[in-house]
Amino acid sequence: MKKQIIGIVIVLLYAFPFAYYAMYKDFTSGLLTGYGIMIAVTLVLAYVCQRFSYIPYLIIGNILMVAVSLYFNSGMAEDPAWDGYFKPLWGSRMVVVVGVLNLIPQAILFWVMEWKRREKQQAFKA
């Protein structure tokens with residue numbers, strides 16, 4: 001029961017539209033800090049998921065983040081400057097690209113954590 005509650009909390013944290021927020025911050029202020037915040041928060045969540053074996057919640061959370069970001073992005077579709085700012089990808093495609101690119105640091109984190117775990121096992125066997 002406790003694992004399910006923690007998993008639900010992780011999914012709810014992932015449900016924040018990080019991709020949309022990063023794009024909105026970029027669009028309104030020209031700063032890339034939103035992307036940095038997105039990467040930092042999702043890396044922390046990915047670390048927790050990997051450390052405590054909540055991998056299904058990680059997958060669901062990443063999908064939900066892109067879906068919620070697409071929903072918020074649809075509200076900006078009325079602004080022609082929004083799509084023009086993210087040319088040639090347009091707004092909705094950019095949300096998907098940002099969501100997929102956000103998986104790269106998470107995959108690297110998984111690889112490093114797995115490498116360290118195996119290294120620790122090798123040292124323990126010796």
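This is a guided tour of a predicted model, stop by stop.

Some ground rules apply throughout: residues are numbered from 1 along each chain as its sequence is written, and side-chain values use heavy atoms, with hydrogens and water left out. Because the model is predicted, local features need pLDDT of at least 70 and side-chain atom pairs count only at pLDDT 80 or more, while totals for chains, interfaces and linings use all residues.

**Whole chain**

Start with the protein chain in cartoon view. The protein chain has seven helices and zero strands, and its pattern along the sequence is α-α-α-α-α-α-α. Helices (H or I, at least four residues) and strands (E, at least two) are DSSP runs, numbered from the N terminus. Along the principal axes, the C-alpha atoms fill a box of roughly 60 × 30 × 20 Å.

Next, show the surface. The protein chain exposes about 8,100 Å², and 71% of that comes from carbon and sulfur atoms. Accessible areas come from the Shrake-Rupley method with a 1.4 Å probe; for residues, only the protein chains shown count as cover. Of the 126 residues, 33% are buried. Buried means under 20% relative accessible area, exposed over 50%, and partly exposed in between (1.4 Å probe, protein chains only).

A contact means heavy atoms within 4.5 Å. Among contacts with a separation of 6 or more, 76% are between residues 24 or more positions apart.

**Nonpolar cores**

Select M23, Y35, M38, W82, F86, M94 and V98. These residues have the most contacts inside the largest nonpolar core, which has 15 residues. A nonpolar core is a set of buried Ala, Val, Leu, Ile, Met, Phe, Trp, Tyr and Cys residues joined through side-chain atoms within 4.5 Å. Helices α2 (18-29), α3 (33-51), α4 (55-75) and α6 (90-101) each supply at least two residues of this core. The most comes from α2, with five residues.

Now centre on M38. Leaving aside residues up to four places away in sequence, M38 touches F18, A19, V98 and N102.

Then move to L45, A46, Y54 and L58. They are among the eight residues of another core, which lies apart from the largest one.

Select Y71, in helix α4. Is Y71 buried or exposed? Y71 counts as exposed, at 60% relative accessibility.

**Charges and salt bridges**

The structure holds two salt bridges. A salt bridge is a side-chain nitrogen of Lys or Arg within 4 Å of a carboxyl oxygen of Asp or Glu.

R117 forms a salt bridge with E114, with the closest N and O atoms 2.2 Å apart. R117 and E114 are three residues apart in helix α7 (residues 103-125), so about one helical turn separates them. R117 is partly exposed at 38% relative accessibility, and E114 is partly exposed at 22%.

E114 also forms a salt bridge with R118, where the closest N and O atoms are 3.3 Å apart. E114 and R118 lie four residues apart in helix α7, about one turn. R118 is exposed, at 53% relative accessibility. Through shared partners, the salt bridges join E114, R117 and R118 into one network.
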